[in-house]
Amino acid sequence: MPPSSTEIPATSPKGPSDAAILAGFALFNAVLRYALIGINAGEYTDGIIQIVQFDLPRTFWPPLYPALIQGLVALGVEPIPAGRLISWAASVLLVFPMWSIARAWGGRRTALFALALYSASPVALRWSIRVMTDMPFALFFMLACAGLLSWRGGESARREAGEMRSSRVAWATLLAVAATMTRYQGLMLAPLTLWAAGMAWRGRARGRWAAVAAQIVWLALPIYLATQRFGHIEQIVSRQSPSVWATLLNYWYCFEMFLFLAPYVLTLPVFVFFAIGIVQPPPEEEARRPAIALKPLFLYVALAVLCSQSVFQSFQSRYLLPSIPFALICAGAGMARAERFLMAHGRRGRAAFFAAVTVTVCVSAGFALASVSLQRGAFGDIFAAGRRIREMHLAPGTRIFSNETYTHANGVKLAFASGRAVELIPEVEGRPERMPPGSIIAVHTAYGGPQETARLLGRLRDRYNVEPIQDGRFVSRLVPLLPDIMEEPLTHQNPLAWLLRYRSQYFETMLLVVKS
């Protein structure tokens, strides 16, 4: 039977091979992301803490990403470029499991369209050049999912190379644990690997011992946590409301807003194709094969992500990254469906399809580039202030104070940027301690907002004789097209921030010196 217009074999002279397509997408993503890797003026607190994680008495994050950063640092790479390079490499390698899953589920055209949409994805592009765990986690997560989806248990496992298929469960388990040791969200894969190992054992497939034995690796997580203090629990508790009903309502509010945000994050044209792909079955040629359970897995992952982040009460689009590749694969399937339908309507149909794809990719790519460009300034004022402190060549005993607060890690960004220990300003906590003469004070509007910063400056001037440092005022600006830090504390990591997504946010850091 000849191939349809939407399903060209990998060896067909009508088009490039699968390997050529994959290499092309990998190269394009590598060049695009590397060209933007130095655009950001600063990094977020989480990223800096992950760089210095092994120097802190307690930690919030698993150790794999910090260990990878320290590995590159040992080779002579600076810490921030090292973290960015790991995110960059992970974002490039992510095209391979995406292709594997999309190709198996919806065919070659689905896979091609899915990678095109991934290459233009705003969330993927933004976090592929940041010091953050999200892209390495997404890579390990999707590799694990690709292994689980490629395995079939029961009779199929006994009849069709059961040993090889059971070994996929083992490898998928190792990758799932790697994902969990990068971000704790990966724990959602534990029930799936345990279920797959149980199916391999029940099916008496060769190699089932490897699938079952691999589950022991999950013990790495509780062993690691036994040596650390899991600070996320304190964060969750601190974000709860006084009553159970109000807390549950806040959970629902965050869950609901994540759902409303999804079409905006994907972009509306991509969401239209996603809706087509999620409703329609795989293409007819692929439907004859044993179908992989992509839609149930996507539903499970999406619900797990939304529920966990709703409880965590942190409204950020990057938390959706584990589910975004699946959504883009479904959108790719929707494009393949639309192509098949419109190509059957002659020249006008082909023109309509070409126009729809062009608009979809251009809107997504434009949003992605705008987000990267307009949100590059996050915390840039703090990093600029840190570089200014370095230039001042202060005496070794000079103390640095800041109002930069974070749970058990105050002043972490300024300390990293300045290379000096940073203490919390006593007046922030109402302590009676006085800062000695000669101390340097950094006041950031990002912490407390402009009004609270003005009140803090008033208290400092009442207690001390302080003077501004020459060239010690730094301003950064961003437009939060995707959720970001906000001027007003109430809108930070809050769904309300989305209503202000086109409004510029300004942040200022002022350096002062205590005279007496």
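User: What stands opposite Phe401 in strand 2?
Analyst: Glu423 does. This is a predicted model, in which local features need pLDDT of at least 70 and side-chain atom pairs count only at pLDDT 80 or more, while totals for chains, interfaces and linings use all residues. Residues are numbered from 1 along each chain as its sequence is written, and side-chain values use heavy atoms, with hydrogens and water left out.

User: In which sense do strand 1 and strand 2 pair, parallel or antiparallel?
Analyst: Strand 1 (residues 400-402) pairs with strand 2 in the parallel sense, over three bridges. Strands here are DSSP runs of E with at least two residues, helices are runs of H or I with at least four, and both are numbered from the N terminus. Two strands pair if DSSP finds at least two bridges between them.

User: And what is opposite Phe401 in strand 3?
Analyst: Ile441. Strand 1 and strand 3 are also joined in the parallel sense, over three bridges.

User: What does the whole sheet look like?
Analyst: It is an open sheet of five strands in the order 2-1-3-5-4, with mixed pairing. Strand 2 (422-424) and strand 4 (466-478) are the edge strands, each pairing on one side only. On average, neighbouring strands are turned by 25 degrees against each other, direction ignored.

User: Which helix packs on the sheet?
Analyst: Helix 21 (residues 380-391), which touches strand 1, strand 3 (440-444), strand 4 and strand 5 (505-514). Its direction makes about 145 degrees with that of strand 4. Contact means heavy atoms within 4.5 Å; axes are lines fitted to C-alpha atoms, for helices over the stretch in contact, and angles run from 0 to 180 degrees between N-to-C directions.

User: Where is the antiparallel part?
Analyst: Between strand 3 and strand 5, over five bridges. His444 has Thr509 as its bridge partner in strand 5.

User: Changing topic: which residues have the most contacts inside the largest nonpolar core?
Analyst: Met98, Ile101, Phe141 and Phe326, in a core of 121 residues. Another core, of 13 residues, lies apart from it and includes Val443, Leu460, Tyr464 and Met510. A nonpolar core is a set of buried Ala, Val, Leu, Ile, Met, Phe, Trp, Tyr and Cys residues joined through side-chain atoms within 4.5 Å.

User: What is Phe326 in contact with?
Analyst: Leaving aside neighbours within four places in sequence, Phe326 contacts Ile101, Phe141, Met142, Cys145, Leu149, Leu294, Leu297, Phe298 and Val301.

User: Why is helix 8 called largely enclosed?
Analyst: Because 15 of its 17 residues are buried. Helix 8 (residues 134-150) should span 24 Å at 1.5 Å a residue, and its end C-alpha atoms are 24 Å apart, which agrees. The expected span is 1.5 Å times one less than the number of residues.

User: And helix 6, how many buried?
Analyst: Nine of the twelve residues of helix 6 are buried, so it too is largely enclosed by the rest of the structure. Among them are Arg108, Phe113 and Tyr118. Helix 6 (residues 108-119) reaches 17 Å from its first C-alpha to its last, close to the 16 Å expected.

User: Which residue sits in the loop between helix 15 and helix 16?
Analyst: Thr267, between helix 15 (244-266) and helix 16 (268-279). Its phi is near 85 degrees, a positive value in a residue other than glycine. Thr267 is buried, at 4% relative accessible area, and touches Pro122, Val363, Ser364 and Phe367, not counting residues up to four places away in sequence.

User: What about the phi of Phe379?
Analyst: It is positive, about 60 degrees, although Phe379 is not a glycine. Phe379 is in the loop between helix 20 (346-374) and helix 21, and counts as buried at 6% relative accessibility.

User: Where is the confidence lowest among the elements?
Analyst: In helix 9 (residues 154-159), with a mean pLDDT of 43, whereas helix 4 (residues 79-93) has the highest, 98. pLDDT is the predictor's confidence in each residue, from 0 to 100. The protein's mean is 87, and 88% of its residues reach 70 or more.

Methods
Buried < 20%, exposed > 50% of the residue type's maximum accessible area, 1.4 Å probe, protein only.
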